[in-house]
Amino acid sequence: MSTVAAASCDAKGAGEPGAEKKPLKPCCACPETKKARDACIIEKGEENCGHLIEAHKECMRALGFKI
């Protein structure tokens with residue numbers, strides 16, 4: 001997984017006069033937990049990162065995503 005996609009998203013939409021509030025895309029949600037999860041998986045393997053995977057899922061659920 002790449003964090004490049006998350007970095008290229010405009011999650012705030014501020015500074016755009018008259019712009020409608022667009023729904024948050026899954027790729028842009030919870031960048032902190034996503035970055036930590038991805039780094040752990042790359043360095044240690046998925047089987048050793050369950051706590052970070054669950055933290056990211058909880059963050060996504062808190063934002064209304066059904067995971």
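Student: Is E58 buried, partly exposed or exposed?

Tutor: E58 is partly exposed, with a relative accessible area of 47%; buried means under 20% relative accessible area, exposed over 50%, and partly exposed in between (1.4 Å probe, protein chains only). This is a predicted model, in which local features need pLDDT of at least 70 and side-chain atom pairs count only at pLDDT 80 or more, while totals for chains, interfaces and linings use all residues; pLDDT is the predictor's confidence in each residue, from 0 to 100. Residues are numbered from 1 along each chain as its sequence is written, and side-chain values use heavy atoms, with hydrogens and water left out.

E58 forms a salt bridge with R61, their closest N and O atoms being 2.8 Å apart; the term denotes a side-chain nitrogen of Lys or Arg within 4 Å of a carboxyl oxygen of Asp or Glu. E58 and R61 are separated by about one helical turn, because they lie three residues apart in helix α3 (helices are DSSP runs of H or I, at least four residues, numbered from the N terminus). R61 is partly exposed at 34% relative accessibility.

The structure holds three salt bridges. Another joins E54 and K57, with 3.5 Å between the closest N and O atoms. E54 and K57 are also three residues apart in helix α3, about one helical turn. E54 is partly exposed at 39%, and K57 is partly exposed at 28%.

D38 and R37 meet in a salt bridge as well (2.7 Å, N to O). Here D38 is buried at 4% relative accessibility, and R37 is buried at 11%.

Note on methods: Helix = DSSP H or I, 4+ residues; strand = E, 2+ residues; numbered from the N terminus.
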